[in-house]
Amino acid sequence: MSASDQRDDLVVIIDPVARRADGESVRIAKDVLGAGASLKVCLPEGPEEFARALLRRGTRRPVVVGDDAALRRAVGVLHRERALGGTDLAVVPVAGVAAGVRLARGLGVPAGAVAAARAVLDGAPRRLDLLVDDRGEVVLGDVRIAVLGGGPAPVAGPAAGSAAAGERHGHAWLRTCQSLVRTLGARPGGGRGAGPARLRVEADGVTLVDLDQPVEGVSVVPGSGGLARVEVRPSSVGAGIAPVRARARSVTVAGPDFHYHCDGALAGPVRRRTWTVRPGAWSLTLPRP
């Protein structure tokens, strides 16, 4: 069997969130992929079945049909199993809202089920850098610590479902408690009022800003050539202070309890986190230039 024939054998893993959110786009994606390749379709009902389908792909090329969380889950599974470097991953972004596929779009995956499915068939794998933190969690897009100007992050999953159930049954006290928990959990500092944070940010061991300089935000983005782009926005009163920028292989943020967003997902609070660049660690099928 030739290499091109192998690429025409796909295992299509359809995330349950995508099936519920936009079944029509899922059907269209399957039709387009099926017209140009041999398909094995998997319909996992949860993260464990999702991982099992991915790891049992054999020689088939994996295609994830789902939102950004499904794409990040797939990369995380392959990374933990040390199978990421030898896998050409593809994705057809499907979500109930546009924000749910913002990461995939930012990586270069086309919008719309038809265009994305055609890119799976006709595109080419591109090696991309990856951020991995000191727990082994992966970051595909960016890390952001936004200290000022951000309201509570939207809540999805079981907490949101419980809130909806509470509304249907008229449990006003339950809604109030859930709202309070969501608000406190989403604020930097675990519920303290929003304000400048005191963080130490180091890039390859060099201190960019220390605890004596309050900051408004920090961002870390995989760049190219094995270096991440780091930006620290110091807090200013009166005259503005220019952001501090650097490129580094490893970035450490430390200080009092802080939250952060990885690819849009809220994490923390923590007192220290290190992100390290893995150059060309994963491969994503994208449209040819």
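Author: The largest nonpolar core has 49 residues, and those with the most contacts inside it are Val 75, Val 92, Leu 130 and Trp 282. H5 supplies the largest share of this core, six residues. Here a nonpolar core is a set of buried Ala, Val, Leu, Ile, Met, Phe, Trp, Tyr and Cys residues joined through side-chain atoms within 4.5 Å, and buried means under 20% relative accessible area, with exposed over 50% and partly exposed in between (1.4 Å probe, protein chains only). This is a predicted model, in which local features need pLDDT of at least 70 and side-chain atom pairs count only at pLDDT 80 or more, while totals for chains, interfaces and linings use all residues. Residues are numbered from 1 along each chain as its sequence is written, and side-chain values use heavy atoms, with hydrogens and water left out.

Helix H5 covers residues 68-80, and its 13 residues reach 18 Å from the first C-alpha to the last, close to the 18 Å expected at 1.5 Å a residue; that expected span is 1.5 Å times one less than the number of residues. Helices (H or I, at least four residues) and strands (E, at least two) are DSSP runs, numbered from the N terminus. Among the buried residues of H5 are Leu 71, Ala 74, Val 75, Val 77 and Leu 78. At the start of the helix, a side-chain oxygen of Asp 67 comes within 3.2 Å of the backbone nitrogen of Ala 69, and just after H5, Arg 82 adopts a positive phi of about 55°.

Val 92 touches Ala 29, Val 63, Val 64, Val 65, Gly 66, Ala 113, Ala 116, Ala 117 and Val 120, leaving aside residues up to four places away in sequence, where contact means heavy atoms within 4.5 Å. Another core lies apart from the largest one; it has 26 residues, among them Ala 197, Leu 199, Val 209 and Phe 258.

The rings of Tyr 260 and Trp 275, with centres 5.3 Å apart and planes at 80°, are edge-to-face. Because Tyr 260 lies in strand S13 (residues 250-262) and Trp 275 in strand S14, the latter pair ties together parts that are 15 residues apart in sequence. Rings of Phe, Tyr and Trp (its six-membered ring) pair if their centres lie within 6.5 Å, and planes under 30 degrees apart count as stacked, over 60 as edge-to-face and the rest as tilted. Phe 258 and Tyr 260 are both buried, Trp 275 is buried too, and ring pairs link these three residues into a cluster.

Strand S14 (residues 265-286) also holds Arg 273, which is buried, with a relative accessible area of 9%. Its contacts, not counting residues up to four places away in sequence, include Asp 133, Asp 134, Arg 135, Phe 258 and Tyr 260. With Asp 134, the side chain of Arg 273 makes a polar contact of 2.8 Å, a term for a pair of N or O atoms within 3.5 Å in which, within protein, one must be able to donate a hydrogen and the other to accept it, residues adjacent in sequence counting only if both atoms are side-chain atoms.
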